[in-house]
Amino acid sequence: MLTAEQRADWARDGFLVLPGFVPAEACDELRAHAGTLIAGFDPGEVPSVFSTHEQTRTSDEWFLSSGDKVRCFVEEEDHRVVNKIGHAMHDLDPVFERFSRTPELAAVAHDVGLRQPLLLQSMYILKAPHVGGEVTLHTDHTFLWTDPQTVTGFWFALEDATLENGCLWALPGGHRMPARSRFRREGGGTTFDVLDPAPYPTEGEVPLEAAKGTLVVLHGLLPHRSDANRSDRSRAAYTLHCIDATATYPADNWLQRSPALPLRGFGSEVGAAPA
Ligand code: FE2
């Protein structure tokens, strides 16, 4: 699927931008479907999230138990605005599954080095006009740790992502630096282990503007971020994170799945569930 030049770009930069990877109609179908899920979301399902008392604990719980569910999450600035659906649509929702499990994507996953890819996490991310929040600089390995590192992000622009509406930014070659933190479960909540307190260098950071239908592939160690959306246009994206079945998946990673819903690859084969 990838040319020799694209594979060289991947090795050098830690990311790939593949315009026109997904037909516009497939992007529209996924957005419309996500809109239906969001319209059906009742914020009353998580009443405590919206009260200040115990907000952190209850929103943690809503998040921590979502690894094998389809749940809506809301903007920090405005709790009426859904900004994310996560984290197992690729296994539980036929429309998301169809978008996620394609022979083309399986081929790209193979070409960037995943030998036995398992689809671990899906997120529909909506940066609404004016209120869509920023995502601070991070690596995906920090959140979806495997030993050795294998997590790879597949980020799909469902609408044009531009400088104005909060496109991705990345640090080319940054994937050659070790991870500087690890997010994991501790007690009933979560914690960050700081492995290296130095901030990432931001010099040389580049915007990854992406027209609708573009696939951006992100190495798990690549530092990346996105700005808030202060524009009049929404920025919808879909991300899928894969790990390799040959790596160890720690029991204290935030994302845990019920044994009843084992991880699967791009076909129908059943992979090993995380321990
Ligand atoms: Fe990320």
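Two strands count as paired here if DSSP finds at least two bridges between them, and S5 and S12 get there with two bridges, running antiparallel. Helices (H or I, at least four residues) and strands (E, at least two) are DSSP runs, numbered from the N terminus. This is a predicted model, where local features need pLDDT of at least 70 and side-chain atom pairs count only at pLDDT 80 or more, while totals for chains, interfaces and linings use all residues. Residues are numbered from 1 along each chain as its sequence is written, and side-chain values use heavy atoms, with hydrogens and water left out.

- S5, S12, S7 and S10 make an open antiparallel sheet, in the order S5-S12-S7-S10.
- S5 and strand S10 (206–208) each have a single partner strand, so one side of each lacks a neighbour in the sheet.
- Going from one strand to the next, the twist averages 25 degrees (axes are lines fitted to C-alpha atoms, for helices over the stretch in contact, and angles run from 0 to 180 degrees between N-to-C directions).
- Which residue in S12 is the bridge partner of His138? That's His224.
- Both histidines turn up again at the metal: the protein donors of the iron ion are His138 (NE2), Asp140 (OD) and His224 (NE2), lying 2.2 Å from it.
- Donors are N, O and S atoms within 2.8 Å of the metal (3.2 Å for Na, K and Ca), and water is not among the atoms, so sites may look incomplete.
- Along the chain, the iron donors are spaced as H-x1-D-x83-H.
- With His138 in strand S5 (residues 135–138) and His224 in strand S12 (residues 224–226), the pair ties together parts that are 86 residues apart in sequence.
- His138 is buried at 16% relative accessibility, and His224 is buried at 5% (buried means under 20% relative accessible area, exposed over 50%, partly exposed in between, with a 1.4 Å probe and protein chains only).

**The seven-stranded sheet**

- Seven strands line up as S1-S11-S6-S13-S4-S3-S2 in an open sheet with antiparallel pairing.
- Its edges are strand S1 (15–18) and strand S2 (70–74), each pairing on one side only.
- Neighbouring strands in this sheet are turned by 15 degrees against each other on average, ignoring direction.
- S1 runs antiparallel to strand S11 (residues 215–219), joined by four bridges, and Leu18 stands opposite Leu215 in S11.
- Helix H1 (residues 4–13) packs on the sheet, touching S1, strand S6 (152–157) and S11, and its direction makes about 140 degrees with that of S1; contact means heavy atoms within 4.5 Å.
- Helix H6 (residues 103–111) packs there too, touching S1, S6, S11 and strand S13 (235–244), with its direction at about 140 degrees to that of S6.

**A hairpin**

- Strands S8 (residues 181–186) and S9 (residues 189–194) run antiparallel and share six bridges.
- The two form a hairpin with two residues between them, and Gly187 in the turn has a positive phi of about 60 degrees.
- Glu186 has Gly189 as its bridge partner in S9.

**Cores and aromatics**

- The largest nonpolar core has 50 residues, and those with the most contacts inside it are Tyr124, Phe154, Phe156, Leu158, Val217 and Tyr238.
- A nonpolar core is a set of buried Ala, Val, Leu, Ile, Met, Phe, Trp, Tyr and Cys residues joined through side-chain atoms within 4.5 Å.
- A second, separate core of 14 residues includes Phe15, Trp155, Cys167 and Ala170.
- There are eleven aromatic pairs in the structure; rings of Phe, Tyr and Trp (its six-membered ring) pair if their centres lie within 6.5 Å, and planes under 30 degrees apart count as stacked, over 60 as edge-to-face and the rest as tilted.
- Phe63 and Trp254 are stacked, because their ring centres are 4.1 Å apart and their planes sit at 25 degrees.
- Phe63 lies in helix H3 (residues 55–64) and Trp254 in the segment after S13, so the pair ties together parts 191 residues apart in sequence.

- Gly86 and His87 are joined by a cis peptide bond, with omega about 5 degrees.
- Another cis peptide bond joins Asp147 and Pro148, with omega about -5 degrees.
- His130 has a positive phi near 70 degrees despite being a residue other than glycine, and at 42% relative accessibility it counts as partly exposed.
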